[in-house]
Amino acid sequence: MRQDISDLAAFYASPLGEAARDMTARQVLQPWGDCRGLEVLGAGYATPVLDALSDRVARSLAMMPAGQGAEAWPHIQRSRTTMAAEDALPFPNARFDRILLVHALEESPDPGALLRELTRVLAPAGRLIAVTAARNGSWAPFESTPFGHGRPFSRRQLARRLRDAGLEPTGWTRALYVPPVALLAGWAEGLERLGSRLWPPVSGLILMEAVKQTLTLQPLHSQALLRRPDRRRAPVGARPQPIGRDPPGA
């Protein structure tokens, strides 16, 4: 069962939710950069991050699952939100150049069906970023935040889900090192820099980028995001630093 839309909105209106939004948006903006002329779909509850992209894209839409409920977005313009069944999205094939998933996979009753539908509406050269709670991260055990609900993912589990839906992972990174404690929200910036260097496995989120597989298109390799799936590098935006390897199964 999905969280209610009112609970998600209340979290992102809090200082801790604002910190989570900022840390996530930064990792999305780095690989996608200027998306002028492109159409972007946010699936799940992606609107807090879509706000950060709004001045960089031609058009952005939000799809909120029927089991979650929907709210009007953006709040000061004509709404671009639709509520839909996860396995029957009301969009034509190959409609979107970019798709962002936030609070989409963890509580989906059928993540595979959702990803297949998103693959259908993704353009052949399009790119998708899936944001999920990290299985071994510091946020997944706490139900006081939206990232403590549903099934968290390891990097390998998320990559396998994407491949099963016809998407090829091209890179990944981590985000959200601040512990899920409201009093620490003001320290999120510093803790993000420190945690990415010293404690990579305890991040709250995994972000993975993928492209649509076709018979004639080879996977694009993002130059800005995200580490290649089978290599260890310092997080994007940080000076190269040696980091420890993730534990087996991470």
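Leu176 sits in the loop between β6 (167-175) and α6. Helices (H or I, at least four residues) and strands (E, at least two) are DSSP runs, numbered from the N terminus. Phi of Leu176 is near 75°, a positive value in a residue other than glycine. Leu176 is buried, at a relative accessible area of 0%. Buried means under 20% relative accessible area, exposed over 50%, and partly exposed in between (1.4 Å probe, protein chains only).

Ala94 also has a positive phi, about 55°, and is not a glycine. Ala94 belongs to the loop between β3 and β4. Its relative accessible area is 37%, so Ala94 is partly exposed. Trp73 and Pro74 are joined by a cis peptide bond, with omega about -5°. Pro74 falls in the loop between β2 (57-65) and β3. Most residues other than glycine have a negative phi, and most peptide bonds are trans.

## Basis of the model

This is a predicted model: local features need pLDDT of at least 70, side-chain atom pairs count only at pLDDT 80 or more, and totals for chains, interfaces and linings use all residues. Residues are numbered from 1 along each chain as its sequence is written, and side-chain values use heavy atoms, with hydrogens and water left out.

## Salt bridges

A salt bridge here is a side-chain nitrogen of Lys or Arg within 4 Å of a carboxyl oxygen of Asp or Glu. The count by this rule is six. Among them is the pair of Arg95 and Glu39, whose closest N and O atoms are 2.8 Å apart. This pair links distant parts of the chain, 56 residues apart. Arg95 is in the loop between β3 (81-84) and β4 (96-102), and Glu39 is in strand β1 (residues 35-44). Arg95 is partly exposed at 26% relative accessible area. Glu39 is partly exposed too, at 22%.

Glu117 and Arg120 form another salt bridge, at 2.9 Å from N to O. Both lie in helix α4 (residues 111-121); they are three residues apart, so about one helical turn separates them. Arg120 counts as partly exposed, at 25%. Glu168 and Arg163 also meet in a salt bridge, with an N to O distance of 3.6 Å. Arg163 is partly exposed at 39% relative accessibility.

## Packing of α2 and α6

Helix α2 (residues 15-32) and helix α6 (residues 188-198) have axes that come within 10 Å and cross at roughly 45°. That makes α2 oblique to α6. Axes are lines fitted to C-alpha atoms, for helices over the stretch in contact, and angles run from 0 to 180 degrees between N-to-C directions. Angles under 35 degrees count as roughly parallel, over 145 as roughly antiparallel, 65 to 115 as roughly perpendicular, and the rest as oblique.

Which residues meet between α2 and α6? Ala19, Met23 and Arg26 of α2 meet Ala188, Glu189 and Glu192 of α6, contact being heavy atoms within 4.5 Å. By class, this contact has three nonpolar, no polar and three charged residues. Ala, Val, Leu, Ile, Met, Phe, Trp, Tyr, Cys and Pro count as nonpolar, Asp, Glu, Lys and Arg as charged, and the others, Gly among them, as polar.
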